[in-house]
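Open the model in your viewer and keep the selection panel at hand. Each stop below says what to select and what is there.

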Amino acid sequence: MNQLPGDLFARRLRQERERLGVSQKELARRMAALLGTNVDSTAITRIEQQTRAVRLDEAVTAAEALGVPLITLVSDNYARKNEAEIQNQLAELALAEQKWERLRQKIHRITQTIQQLSAEREAFRSHALDVNPETAGDYELDPETQAALDVRNKPTGEVAGSGA
C-alpha cells in the first residue's frame with residue numbers, strides 16, 4: 001500500500017532531522033526565523049507523529065531549515081532515482097570520452113600523414129629544382145590546399161592573414 005504524501009513527509013522529516021542531529025525545538029526555531037512567525041516545537045512533534053497535517057509553507061520551510069531539497073522529504077525513491085540518473089550520466093560521459101579519444105587519435109594520425117606527405121612533396125620539389133627547375137612547379141600545391149596547410153601549421157595565437 002502506498003503511503004500518503006503527508007505520512008511520507010512526517011517519516012522523512014524525522015529521519016532527516018535526526019540524521020542531521022537537529023532537535024524538534026531547534027527545527028522549530030529555524031523555521032520560525034525563516035517564516036517570520038512563531039513555530040512551536042510541539043507542532044513539529046505532531047507533524048512527525050502524523051497527528052497534525054503539514055502546511056505547504058511549513059514543508060518548504062522545514063526542508064530549507066534542514067538544508068535539504070524538499071523532494072527528499074516527500075519521496076522515498078528520490079535518492080535512488082537521483083543515483084540512477086548520475087550513473088546514467090557517468091556512463092554517457094564515459095562513452096563520450098572514449099569517442100573523443102578515438103577522434104583525437106584519428107586527428108593525430110591524419111596530421112602525421114599530412115606532415116609526412118608534405119615533407120615528401122617538399123623533398124621532390126627541392127630535387128626537381130636541382131635537376132630541372134622548369135618542372136619544380138609541378139610539385140607546388142594548389143592555393144586552397146596550401147592555404148589550408150598554412151592555417152593548420154600556424155603557431156597558436158597567430159591570426160591568419162595578419163601581415164604587419
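Predicted model: local features only at pLDDT ≥ 70, side-chain atom pairs only at ≥ 80, totals over all residues.

**Stop 1**

Begin with the largest nonpolar core, which has 17 residues; select F9, L13, L27 and M31, the members that touch the most others in it. Now colour helix 1 (5-19), helix 2 (24-35), helix 3 (41-48) and helix 4 (56-66), the elements that each give two or more residues to this core. Helix 4 supplies the largest share, 5 residues.

**Stop 2: F9**

Centre on F9. Which residues does F9 touch, leaving aside those up to four places away in sequence? Select I47, V54, A59, A62, L70, L73 and V74.

**Stop 3: helix 2 against helix 3**

Two packed helices are described by the angle between their axes and the distance between the axes. Show helix 2 and helix 3: they pack at about 110°, and their axes lie 8 Å apart. That angle falls within 65 to 115 degrees, so the pair counts as roughly perpendicular. Their crossing is right-handed.

Next, show the side chains at the contact. From helix 2, take Q24, K25, L27, A28 and M31; they meet S41, I44, T45 and E48 of helix 3. By class, this contact has 4 nonpolar, 3 polar and 2 charged residues. L27 and M31 were also selected at the core.

**Stop 4: S75**

Move to the loop between helix 5 (70-74) and helix 6 (78-131), and pick S75. Is S75 buried or exposed? Its relative accessibility is 12%, and the cut-off for buried is under 20%, so S75 counts as buried. Finish by selecting L8 and R12, which S75 touches when residues up to four places away in sequence are not counted.

How values were computed
Residues numbered from 1 in each chain as written. Heavy atoms only, no water. Core = buried A, V, L, I, M, F, W, Y, C linked by side-chain atoms within 4.5 Å. Buried < 20%, exposed > 50% of the residue type's maximum accessible area, 1.4 Å probe, protein only. Helix = DSSP H or I, 4+ residues; strand = E, 2+ residues; numbered from the N terminus. Contact = heavy atoms within 4.5 Å. Axes fitted to C-alpha atoms, helices over the stretch in contact; angles between N-to-C directions. Parallel < 35°, antiparallel > 145°, perpendicular 65-115°, else oblique. Left-handed = near helix turned anticlockwise from the far one by under 90°. Nonpolar A, V, L, I, M, F, W, Y, C, P; charged D, E, K, R; others polar.
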